Amino acid sequence: MKLKFDGYAAQYDAWFMEKENVFQSEFRLFEKALGDISGKRMLSVGCGSGLFESMIDCKNIEGVEPSRDMGAIAQKRGINVIAFGAIEEVELDYRVSGKVTPARELIITGGKGAARATGAP
């Protein structure tokens, strides 16, 4: 089954780059929704191409992405894509404060079209 963004990953980023005002507005919203993530791990659900994540310090960001095309670009940008598939279909456990915490129990903050989860390492 071909996913919606497979085959369109490059065009997705090009669209944002052509519309810099939209990109800047979305990026400011992204930063505001995340707040200070210094020293925290972040799970980007639906990380796409990692365009927004790559604009911040992404060393502690892991991603889940249904589209392999989009996820491949995210990986090139330094996002550790830990699973390909819809979030409902992947098994994730996150280590928070020294104990394993299921992804469904992490703090979720909104982003455009995706959820973001953060927890202390």
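In this predicted model, strand β2 (residues 61-65) and strand β3 (residues 80-84) run parallel and are joined by 4 bridges. Within this pairing, Gly63 has Val81 of β3 as its bridge partner.

**Overall make-up**

- The protein chain contains 3 helices and 7 strands.
- Read from the N terminus, the order of these elements is α-α-β-β-α-β-β-β-β-β.
- The protein chain has 121 residues, of which 40% count as buried.
- Of the contacts between residues at least 6 apart in sequence, 46% join residues at least 24 apart.

**Nonpolar cores**

- The largest nonpolar core has 16 residues; those that touch the most other members are Phe30, Leu34, Met42, Phe52, Ile56, Ile61 and Ile79.
- Helix α2 (residues 20-34) contributes the most to this core, namely 4 residues.
- Beyond its neighbours within four places in sequence, Ile61 is in contact with Met42, Ser44, Glu53, Ile56, Ile79 and Asn80.
- Another core, of 6 residues, lies apart from the largest one; Leu43, Val45, Val64 and Ala83 are among its members.

**Salt bridges**

- The structure holds 3 salt bridges.
- One of them joins Asp13 to Arg77, with the closest N and O atoms 2.7 Å apart. Asp13 belongs to helix α1 (residues 9-18) and Arg77 to the loop between α3 and β3, so this pair ties together parts that are 64 residues apart in sequence.
- Asp13 has a relative accessible area of 8% and is therefore buried, whereas Arg77, at 29% relative accessibility, counts as partly exposed.
- A salt bridge also forms between Glu62 and Arg41, where the closest N and O atoms are 3.2 Å apart. Because Glu62 lies in strand β2 and Arg41 in strand β1 (residues 41-45), the pair ties together parts that are 21 residues apart in sequence.
- Glu62 counts as buried at 15% relative accessibility, while Arg41 is partly exposed, with a relative accessible area of 22%.
- The side chains of Lys59 and Asp57 also meet in a salt bridge, at 2.8 Å from N to O. Here Lys59 counts as exposed at 63% relative accessibility, and Asp57 counts as partly exposed at 48%.

Conventions
Residues are numbered from 1 along each chain as its sequence is written. This is a predicted model: local features need pLDDT of at least 70, side-chain atom pairs count only at pLDDT 80 or more; totals for chains, interfaces and linings use all residues. Side-chain values use heavy atoms; hydrogens and water are left out. Helices (H or I, at least four residues) and strands (E, at least two) are DSSP runs, numbered from the N terminus. Buried means under 20% relative accessible area, exposed over 50%, partly exposed in between (1.4 Å probe, protein chains only). Contact means heavy atoms within 4.5 Å. Two strands pair if DSSP finds at least two bridges between them. A nonpolar core is a set of buried Ala, Val, Leu, Ile, Met, Phe, Trp, Tyr and Cys residues joined through side-chain atoms within 4.5 Å. A salt bridge is a side-chain nitrogen of Lys or Arg within 4 Å of a carboxyl oxygen of Asp or Glu.
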